[in-house]
Amino acid sequence: MRYSIINVLKQGLAGQKGWQAAWRDATPKPQYDVVIVGGGGHGLATAYYLAKLHGITNVAVLEKGWIGSGNTGRNTTIVRSNYLLPGNEPFYEHSLKLWEGMSRDLNFNVMFSQRGVLNLCHSDAQRDAYARRGNAMLMMGADAELLDADQVRRMVRGLDFQNPRFPITGGLLQRRGGTARHDAVAWGYARAASELGVDIIQNCEVTGFVRDDDRITAVETSRGRIAAGKVGLAVAGHSSLLAEMAGIRLPIESHVLQAFVSEGLKPWIDTVVTFGAGHFYISQSDKGGLVFGGDIDGYASYAQRGNLPVVEHVAAGAVALFPALGRVRLLRSWGGVMDMTPDGSPIIGKLPIGNLYMTGGWCYGGFKATPASGWCLAHTIANDAPHALNEAMSLERFARGRAIDERGAGPRPNLH
Amino acid sequence: MRITCPYCGSRGSEEFTCLGNTPPARPADDAPVAAWVDFVYLRDNPRGPVTELWQHVQGCRTWLIVTRDTRTHTVAKVELASRATGR
Ligand SMILES: Cc1cc2nc3c(=O)[nH]c(=O)nc-3n(C[C@H](O)[C@H](O)[C@H](O)COP(=O)(O)OP(=O)(O)OC[C@H]3O[C@@H](n4cnc5c(N)ncnc54)[C@H](O)[C@@H]3O)c2cc1C
Ligand SMILES: [Zn+2]
C-alpha cells in the first residue's frame, strides 16, 4: 500500500487495520538470477535498482542477521559530497542527488535533512586546502561555500573561538549535505525492492560458494544451498571473509569505529560540524541526542566494539571544540566493523571470478554512498561492466598504480 | 586492551601503535609486479588470531610482534620483533 495522506486518513477511519507489513520476510527459493550477500543499505539498494532500472527481479538479498543490523544501523548518518579527487567526487555527487529524491522515489520517509555539513579549519594552510577542495567540488557540480570565522560564529553556537592552539579561522560548508534516518534507509529500500519482487531473506548466513571453473554456480548458506546466476557482495566490514570463500585476497583490513550519543537536549546544533584539528564530529538528532564520533581505534578488529582510549580521545576533542559538552552525559556508545582500504576509497566492481561482483571498502564513509553504491553495483551486475561513475573504483586500480588517495597517506589502511 | 611489553610490563594499548599484519618478506627489486601488489596492498585480514607488528611508541619504542585475536582483542603473545626475526 502506498504511504500517502489519503491512506493515512482512510486507515484512521478504518481503525488502522489495513496496513500491511512493509516488506515480505521471504524464504529462500532454490534459484535466483542474482544473489546479493548482505542486507544493509548497499545490498538492499542494489536489489532495488536491479529490479527498478534493469528489469532483473528474480533477486534475493541474503542477510545473516536482520536487515540494517550492520553498519547501516550503527553509523552517524552524515551525508555529503565534499571530496576532492575526480575518481570520487562525481560518484558522491550522484549519490547526494539520489538522496535528494530518495523519500519520494521509495515512497518512504528517510528523513533526509539537508542541514549542512561544516568542516572547520584552524590555520591558513588548512583554509587554503579547503578553498581548493571547495573549488574542486564546484567544478564537479556540487555546492561549496568558504566561510570566515565570523560567518562560522553566526552559524554555530558554543564553539570555542578562544582556543589558542586551534583557533577557528573559518570553514568549508556544504549546505546540501546533512543527515538521514539510518534504519529508514534500510526499510525504505527493502520495502520498495520487495514490492518489485525481490526476496529479502534474513537469518541466512552465506558460508561458502560452489564454483565451476571461473564461475560461481551457487552459494552455501545456513538455510541451504541457493543457485545463483550472478553474485554481488555488499557485506561492509566482512568483505575479506566473503572474498576468501571465493579464493580472493582483497586490499582490505577490517577495523572498528566507535560512535556515541548523548542524553536528549533542547535544539542546539542544527548542522553537522567537524573539528579540523582533532578527531571529532557532531550533529544533533531529531530526538535531541548529540550524535558524535571520532577516528578508528587503529588495529584490525571484528569485535564490533572498541576500547576506552578512543572514548577518551573523542571526549577530549569534544570539549576542546564545544566546552559546554563537558556537562553533557553520555547515553550510549557502540562500534561497527568496517573495511579499510589502502587508499581510503571504496571498491565497486567485478572481482576476478566471472560472475562475482562487490561493493565494499567503504571505510567510515559509506552511508552517504548507499544509493549510488547500489545504483552502480546494479549497473555493473546488469551490464557486466562498470558505469563511468564507478570505473575508477575498480579492484585493479591498486595493481595499476591508480589509487584514489584523498588523504595522501599511502598504503596503510589504518591511516585513512 | 593491554599489551605486555617485554621491557616495560603490562601497558595500555594507547601507548602503542599498530603497523598491521606482520608483513611478508619484501620481494626482490626485480620481482614481478604481482608480487609487489601483494606485498604493498593485499591483506589476509582473518577473523581470529593474527600476528601484527606494534611499536611501543610512548614507552621504550621497541618493535614488537603481537599475537592477538581480532574477535575478542585478547592478546595471546608478545615478542620482541628483533628476536623473532633475527634482525
Ligand atoms: C560508528 C560508525 C559511524 C559511521 N558514520 C558514517 C557517517 O556518518 N557517514 C557515512 O557516510 N558513513 C558512516 N559510516 C560508514 C557506514 O556505516 C557504512 O559504510 C555503510 O553503512 C555500509 O553499508 P553496507 O550496506 O555496505 O553495510 P552493512 O549495513 O554493514 O550491511 C552489511 C550486511 O552484511 C551482512 N553480512 C555480513 N556477512 C554476511 C554473510 N556471510 N552472509 C550474509 N550476510 C552477511 C551483515 O550482517 C550486514 O547486515 C559509519 C560507520 C560506523 C561503524
Ligand atoms: Zn616498552
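What we have here is a predicted model, where local features need pLDDT of at least 70 and side-chain atom pairs pLDDT 80 or more, though totals for chains, interfaces and linings use all residues. Residues are numbered from 1 along each chain as its sequence is written, chains are lettered from A in the order in which they are written, and side-chain values use heavy atoms, without hydrogens and water.

On that count, chain A carries 42 positive and 37 negative side chains, and the centres of the two sets are 5 Å apart.

Now the fold. Chain A has 9 helices and 18 strands; these are DSSP runs, H or I of at least four residues for helices and E of at least two for strands. Its radius of gyration, taken over C-alpha atoms, is 21 Å, close to the 22 Å from the globule rule for 416 residues, so chain A is as compact as a globular protein of that length. The rule itself is 2.2 Å times the number of residues to the power 0.38. Of the 416 residues, 58% are buried, meaning under 20% relative accessible area with a 1.4 Å probe, protein chains only.

Last, the partner chain. Which residues of chain A lose the most area to chain B? First the total: the two chains bury about 2300 Å² between them, 50% of it on carbon and sulfur atoms. That is accessible area (1.4 Å probe) lost on being put together, summed over both. In chain A, the residues are A:Arg249, A:Tyr299 and A:Tyr302, together 27% of what that side buries.

Technical notes. Buried means under 20% relative accessible area, exposed over 50%, partly exposed in between (1.4 Å probe, protein chains only). Lys and Arg count as positive and Asp and Glu as negative; His and the chain ends are not counted. The place of a charge is taken as NZ of Lys, CZ of Arg, CG of Asp or CD of Glu.
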